[in-house]
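Look at the model, then read on.

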Amino acid sequence: MNSPATALSIPKTMKAWVLGDPEQLRLVEKPVPEPGPAEVLVRVDAVAICGTDVEILTKGLPAWIQGGLPFNKNFTPGHEYMGTVVKLGAGVDEYAIGDRIAVEVHAGCGRCERCRMGMYTACLNYGLNYEGHDKGHRANGFTTDGGFAQYAVNHVNTLIHVPDGMSDEEATLIVTAGTAMYGLDALGGLIAGESLVVTGPGPIGLMSVAVGKALGAQPVILTGTRDVRLNLGLKLGADHVINIGRESPVEAVKRITSGKGVHYVMECSGAPNALNEAMDMVNRGGRICLAAFPGEPVPVELAKLVRNNIYLYGIRGEGNSATHRAAALMAQKRFDAKLMHTHTFALDELPTAFKYVRERIEDAIKVVIKMR
Ligand SMILES: [Zn+2]
Ligand SMILES: [Zn+2]
């Protein structure tokens, strides 16, 4: 059944964007890739642009191709995509041709200490997937070709069935919700009834509000500078929003929690003083997850962390099968991720779509490329 003979008709070449010099994207014709054992070929139907894509376009990192920066290597970025399975590699029976799937980014090597622990987003063989150094690690859009193209190859471990009735655009947000989910449940151990502050209403921050609320956090408090984003946070489940231009976030959190502080802070702003403020918002023994970071080294009052037994986590992406749990919450309509999708463009219009993200034109939040 699952032989290549059952494959849908697939062209030999495809349109794909590749990274040239920094800031330079070129639309080229590339061979359609072949799925290997435990892999499938995905026809990309929609792909969202992430803040990290902008980082890659500008600085290269965290993309890492053939042991170096990703420029001029025929590399296709894009990691928040969804599509249709059109061809199965050897031994694949977990998915069938025609299945609608969303993806998570990281397929670890499966053989290092971290992968063996389930921490494949922290694979010790990151970027080791090329000739002479092939440990089998893949992170599409970072270390292997991604979704700003008509087709991509994915390991079965990186696929999630798209819930029935969910649009292509919404399905691109499953991986974003998965990152928030991993930061809250597996990494930080958030349980129902615990209090949560999310600092910074970018896509991960807004998803952290939505997922935190769906997991039973109480109260959920969101801080930020723009009322339009904070209002969206309210629609996604925040109990309180704090505009830090008008009110000290630390004082506001203390007021809302009757002086106690919260159990957990999810830091999504990258502001230079965010960690210091987070340490003033959590209670003793509380936890802080850093999902963003400032561009420069910053002073941190470490004594406060030590004296108050505060736990600190860094998060890179959507580990521990969190995308599956996030998709389950979205299938149950526990929050409306569609509210975050603001703009749609065609594949040819990728540079314009990037411009909308970078300049936040028309309050762009999640900008999606739709293939047809
Ligand atoms: Zn992303
Ligand atoms: Zn590994």
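## A helix across the strands

Axes are lines fitted to C-alpha atoms, for helices over the stretch in contact, and angles run from 0 to 180 degrees between N-to-C directions. Contact between two residues means that their C-beta atoms, placed from the backbone, lie within 7 Å. Helices (H or I, at least four residues) and strands (E, at least two) are DSSP runs, numbered from the N terminus.

This is a predicted model: local features need pLDDT of at least 70, side-chain atom pairs count only at pLDDT 80 or more, and totals for chains, interfaces and linings use all residues. Residues are numbered from 1 along each chain as its sequence is written, while chains are lettered from A and ligands numbered from 1 in the order in which they are written.

## The open sheet

Six strands form an open sheet with parallel pairing, in the order β12-β11-β10-β13-β14-β15. The edges are β12 (240-243) and β15 (311-314). Each has a single partner strand, so one side of each is left without a neighbour in the sheet. Direction ignored, neighbouring strands of this sheet are turned by 15° against each other on average.

Strands pair if DSSP finds at least two bridges between them. β13 (residues 262-267) and β14 (residues 282-290) pair in the parallel sense over five bridges. Glu267 stands opposite Leu290 in β14.

## The nonpolar cores

A nonpolar core is a set of buried Ala, Val, Leu, Ile, Met, Phe, Trp, Tyr and Cys residues joined through C-beta atoms within 7 Å. Buried means that 20 or more other C-beta atoms lie within 10 Å of a residue's own, with C-beta atoms placed from the backbone. The largest core has 103 residues; Ala102, Ile174, Ala177, Leu196 and Val211 touch the most other members. Helix α4 (residues 174-187) gives the most to this core, with eight residues.

Which residues does Ala177 touch, not counting those up to four places away in sequence? They are Met207, Val211, Ala326, Met330 and Ala337. Another core, of six residues, lies apart from the largest one and includes Cys115, Tyr120, Cys123 and Tyr126.

## The chain as a whole

The chain has eleven helices and 17 strands. Its C-alpha trace spans about 65 × 45 × 40 Å along its principal axes. Of the 372 residues, 48% are buried. Among contacts with a separation of 6 or more, 68% join residues 24 or more positions apart.

Definitions and conventions:
Buried ≥ 20, exposed ≤ 12 C-beta atoms within 10 Å, placed from the backbone.
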